Protein chains: 2
Amino acid sequence: MTDANRQFRLAARPVGLPTRDDWTLTCEPIPEPGEGEVLARTLYLSLDPAMRGWMNEGKSYIPPVGLGEVMRAGGVGRVVASRHPDFAVGDAVSGGFGVQQYACLPGAQFTHVDPRLAPLPTHLGTLGMPGMTAYFGLLEVGRPLPGNTVVVSGAAGAVGSVVGQIAKLKGCRVVGVAGGADKTRYLVDELGFDAAVDYKTEDVRAALRRACPSGIDVFFDNVGGDILDAALATLARHARIVICGAISQYNNTTAVRGPQNYLSLLVNRARMEGMVVFDYASRYGEAVRDLSAWMAAGQLIAREHVVDGFESFPETLLKLFSGENFGKLVLKVAED
Amino acid sequence: MTDANRQFRLAARPVGLPTRDDWTLTCEPIPEPGEGEVLARTLYLSLDPAMRGWMNEGKSYIPPVGLGEVMRAGGVGRVVASRHPDFAVGDAVSGGFGVQQYACLPGAQFTHVDPRLAPLPTHLGTLGMPGMTAYFGLLEVGRPLPGNTVVVSGAAGAVGSVVGQIAKLKGCRVVGVAGGADKTRYLVDELGFDAAVDYKTEDVRAALRRACPSGIDVFFDNVGGDILDAALATLARHARIVICGAISQYNNTTAVRGPQNYLSLLVNRARMEGMVVFDYASRYGEAVRDLSAWMAAGQLIAREHVVDGFESFPETLLKLFSGENFGKLVLKVAED
């Protein structure tokens, strides 16, 4: 086993929710790094809603994963062999590991992570892509002002929980939409949200109207579908909607449900804007600095949902779509 | 007849297309202006898609017309009696006349129009609300850059024809979407658009892809529905969509069709933003100056579709929704 590199490869393009048949578990020798390359052992993999989109054919913001290729995934791990001057054996690194036990990449494709800032799984969550997405999506696209009402969907998730906490730090009234009483309680009692709406048991539109008496100034959407429509029905004048994702629509076998209430953008002179985190890559350092300082000061809580066992990847991924995960979903691949 | 003021009042809230039963034709004595008021005779009334929205119950960007009230409409006319120092008998004025033969309003609610700049009906089109909408919607919300590809729907209409011509003046490649060969020919041959798509006979999505090989940078939407979805499918990176109207959806008896392809905003880091012309009221003078200078230089063509006869109002209004009008739809109420 120690000489093997097991990998999940995309075997088929799923229709609806991915099943085990959409994957092939392969096993290869652990590669040797070539000149300028680094070999790292995967410790944790990031499981993200966006992965579902990468499994589809067709143009998106990055090319799809090809059939037969190792599934794309971010991860953190430790360097086990290096032929690049910036990396030494034992260094903690993050990068595009892929769903495999070892990743051998050009050094430039790995980034050092500082385990003193936070435990390694947090580098896939609040200090990783979800944290970057929350930080730049909220601050650069949503542009909240102190006193604004900010609503976030998927609020207990990896991105949403950071969005809401940053908005609080910026002096906003914050309302989260999440599924289940455990999550809504967590948002209000632990993360300091002003209110939370349980989409599984409440009329979201009515609940948002109650929670946002002067309307929504910034809506950060991870979910789409009915929740986006409910938010559109509750916009304040000059509202900003950040389209970060639409997890409710990713496994549709029929067409995406478009937002019926989009003419609220006209009535309220509001805007809806999409964002992709990679566009802010040159500024990740700025976000990590702010986010880790807030964590150190106890003003920002990071929570990961760690599932142990590389082979559980196909089933663990599905937790994202059932809403079973509570915090950033991370697959533990090996002990540090 | 000369002492009477005939009026169309809203009798019922229409379901779908308005019918004659939704109106009452009333007749009242011509009012006497009170202190500070001005009485003007209606010469031309502006018929606009937005009027359909004003007939519905419920909050929008302005309150609905109440049942029993004279239907709201912009118009131009001549002052016939004045108790306001800024207005003299014979002055040409524009304002919220309403669908009636005489309007008696506080002087501040009328604006002088200069008949030397253009014939009176043009003051309801290119130099009126549609022109203001086109000017500020395109330049302030769409923000086209020289070399950008600008697409406009309802391109032969009062707003769309001005949008496209301004975009050409700003150095853009311009594509119009309109219904019928007469209109598409007019856009290309008379107004100088680079291309036009006939939504009645062409696959709009395929035609837009052909006409916009590098994607759409600015989409100015007056129509909604399938045409909005086709444009969303053809966006360039960082595109701007101006939501000015959605005439395809105004007479729906079922829910509005939301744009299924809205996640293209995410993929393309694009934004969709609503606009209401009244927000730019303090800057109308700037637009009239530019638009009338372009007209005088032969760089901007204004076209009105004038229908004669006050009593034809209910049927004439419907031309907007069948697409029968060709240019700004104006109802002629009386000879100047």
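Visitor: How many salt bridges does the rule find across the interface of chain B and chain A?

Guide: A salt bridge is a side-chain nitrogen of Lys or Arg within 4 Å of a carboxyl oxygen of Asp or Glu. Across the interface of chain B and chain A the rule gives two salt bridges. In one salt bridge the side chains of R269(B) and D279(A) meet at 2.7 Å, N to O. This is a predicted model, in which local features need pLDDT of at least 70 and side-chain atom pairs count only at pLDDT 80 or more, while totals for chains, interfaces and linings use all residues. Residues are numbered from 1 along each chain as its sequence is written, chains are lettered from A and ligands numbered from 1 in the order in which they are written, and side-chain values use heavy atoms, with hydrogens and water left out.

Visitor: How many residue pairs are in polar contact between chain B and chain A?

Guide: A polar contact is a pair of N or O atoms within 3.5 Å; within protein, one must be able to donate a hydrogen and the other to accept it, and residues adjacent in sequence count only if both atoms are side-chain atoms. Between chain B and chain A the count is five residue pairs, both residues at pLDDT 80 or more.

Visitor: What area do chain B and chain A bury between them?

Guide: The size of an interface is often given as the accessible area lost when the parts come together. Here the loss is taken with a 1.4 Å probe and summed over both parts. Chain B and chain A bury about 2700 Å², with 64% of it on carbon and sulfur atoms. Y262(B), L266(B) and R269(B) supply 26% of the area that chain B buries against chain A, more than any other three residues. In terms of contact (heavy atoms within 4.5 Å), 33 residues from chain B and 33 residues from chain A take part.

Visitor: Which domains is chain A divided into?

Guide: Domain bounds come from an automatic or database domain assignment. In chain A, domain 1 covers 4-125 + 303-332 and domain 2 covers 129-278. Their C-alpha centres lie 28 Å apart. The two domains of chain A bury about 1400 Å² between them, and carbon and sulfur atoms give 65% of that area. On the side of domain 1 of chain A, Y61(A), G125(A) and F326(A) supply 30% of the area buried against domain 2, more than any other three residues.

Visitor: Which polar and charged pairs are counted across the interface of domain 1 and domain 2 of chain A?

Guide: The rule finds zero salt bridges there, but four residue pairs in polar contact, both at pLDDT 80 or more.
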